[in-house]
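Dear colleague,

Please find below the structure that I am handing over to you, followed by an account of what was found in it. I would be grateful if you could read the notes with the model open beside them.

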Amino acid sequence: METNKNIHGFKTPPDYFESIEDRVFDSIRAEALPKNTGFKVPSGYFEQLDTVLVERVIVKEKETKVISIFSRYRLGYVAAIAACAILLFSIFNDKQAETISNLDVALIESYIEEGSLDMDTYDVLALFDNEGIENLSLDNNLIDQDNLEDYLLESLDESAFTIE
Amino acid sequence: MSTLVQEEELVEALQSKQMQENAFRELVSQYKERLYWHVRKMVLSHDDADDVLQNTFIKIYKNIASFKGDSKLYTWMYRIATNEAITFLNKKAKRKNTTVADVKDNAIKNLQTDVYFEGDAIQLKLQEAIATLPHKQQLVFNMKYFEEHTYEELSEILDTSVGGLKSSYHIAVKKITAYVKSNETF
């Protein structure tokens with residue numbers, strides 16, 4: 001028991017003494033466990049990794065910048081033009097034409113979920129510049145609030161928020 | 001581990017067009033092994049770890065311009081690697097129309113015939129035990145037990161309080177030792 005007679009001035013982190021038993025027992029228990037995982041890598045893997053990665057990342061990046069005939073931006077324009085063409089066709093055609101609303105939502109969902117639309121948050125962000133992101137505002141009427149809430153509860157991957 | 005000054009210099013070089021390529025080579029050489037082993041313990045197979053590691057470095061390269069230094073480069077990269085591994089497991093589960101837990105169970109079963117796993121029976125048992133933990137406890141256990149991160153580093157990487165991490169680790173060790181003991185056949 002610490003007396004107040006000679007105060008040394010040291011202090012401990014909060015809950016230090018409350019959790020010390022747990023930590024001591026953790027160490028004792030863990031001593032019985034193996035220290036290594038047993039995983040290994042193919043020989044020369046790490047030595048070659050530098051070259052492989054630099055090739056894949058930098059060279060590809062450069063190639064993408066040079067060969068930009070059909071970049072994502074252009075792809076966006078082409079998609080927009082195609083969408084307009086479908087829309088005009090559906091307006092001026094007497095017969096009931098295929099419109100975006102006639103498309104099977106489940107089909108679109110499975111297309112995305114199967115990874116055919118291989119874009120993640122970073123890829124989507126790359127389509128916008130800073131100004132674009134700031135100006136981006138969603139029409140509140142576009143998505144039903146209840147559906148949105150259900151979707152977020154079911155599908156939100158909180159790990160996505162751990163990136164800075 | 002690099003010092004703060006070295007890290008700042010590396011970030012500066014990575015964000016400069018002229019020095020980017022060399023800086024990236026340096027970054028890969030400094031962090032490839034640590035990030036690989038971090039990812040490998042999450043996805044278990046070498047081929048999957050290789051895929052995730054490559055994607056991680058691609059993300060790092062593409063997003064380094066937006067790195068503002070609010071956290072350490074090292075923790076920022078660990079977060080990207082962790083997210084990439086989680087995304088990879090989720091995609092694999094979706095593709096196979098199953099759960100991430102099933103994907104991991106399968107990966108554990110495959111370890112017995114994996115040429116890149118040289119663990120003995122108890123190491124295999126340890127992997128099985130880890131796979132029974134909830135995802136966050138798996139991460140905390142692997143990073144604390146094998147990688148020997150401090151709780152402060154873990155707190156920054158996993159965005160969880162030090163107290164929360166300590167209790168996660170404590171529960172994980174307890175469950176793992178209990179699992180290993182109850183399944184002792186060697």
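L44(B) counts as buried because its relative accessibility is 3%, under the 20% cut-off. This residue of the predicted model sits in the loop that joins α2 (20–43) to α3 (46–63) of chain B. Although L44(B) is not a glycine, its phi is positive, at about 75 degrees.

A positive phi also occurs at D159(B), likewise a residue other than glycine, with a value near 55 degrees. D159(B) belongs to the loop between α8 (151–158) and α9 (162–182) of chain B. Its relative accessibility is 59%, so D159(B) counts as exposed, the cut-off for that class being over 50%.

With a relative accessibility of 18%, K92(B) counts as buried. Its side chain makes a polar contact with the side chain of D48(B), at 2.7 Å. Apart from neighbours within four places in sequence, K92(B) is in contact with D48(B) and V103(B).

As regards the chain as a whole, chain B contains nine helices and zero strands. Of its 186 residues, 54% are buried. Among the contacts in chain B with a separation of 6 or more, 60% are between residues 24 or more positions apart.

Turning to the interface, 57 residues of chain B are in contact with 38 residues of chain A. The size of an interface is often given as the accessible area lost when the parts come together. For chain B and chain A, the area buried between them is about 4600 Å², with 62% of it on carbon and sulfur atoms.

One salt bridge is found across this interface: the side chains of K32(B) and D50(A) meet at 2.4 Å, N to O. The interface also has 11 residue pairs in polar contact, with both residues at pLDDT 80 or more. On the side of chain B that touches chain A, at least two residues come from each of α2, α3, α4, α6 (121–131), α7 (135–146) and α9. By class, that side of chain B comprises 26 nonpolar, 15 polar and 16 charged residues.

Yours sincerely

How values were computed:
Residues numbered from 1 in each chain as written. Chains lettered and ligands numbered in written order. Predicted model: local features only at pLDDT ≥ 70, side-chain atom pairs only at ≥ 80, totals over all residues. Heavy atoms only, no water. Helix = DSSP H or I, 4+ residues; strand = E, 2+ residues; numbered from the N terminus. Buried < 20%, exposed > 50% of the residue type's maximum accessible area, 1.4 Å probe, protein only. Contact = heavy atoms within 4.5 Å. Polar contact = N/O pair within 3.5 Å; in protein donor to acceptor, adjacent residues only side chain to side chain. Buried area = accessible area lost by both parts, 1.4 Å probe. Salt bridge = Lys/Arg side-chain N within 4 Å of Asp/Glu carboxyl O. Nonpolar A, V, L, I, M, F, W, Y, C, P; charged D, E, K, R; others polar.
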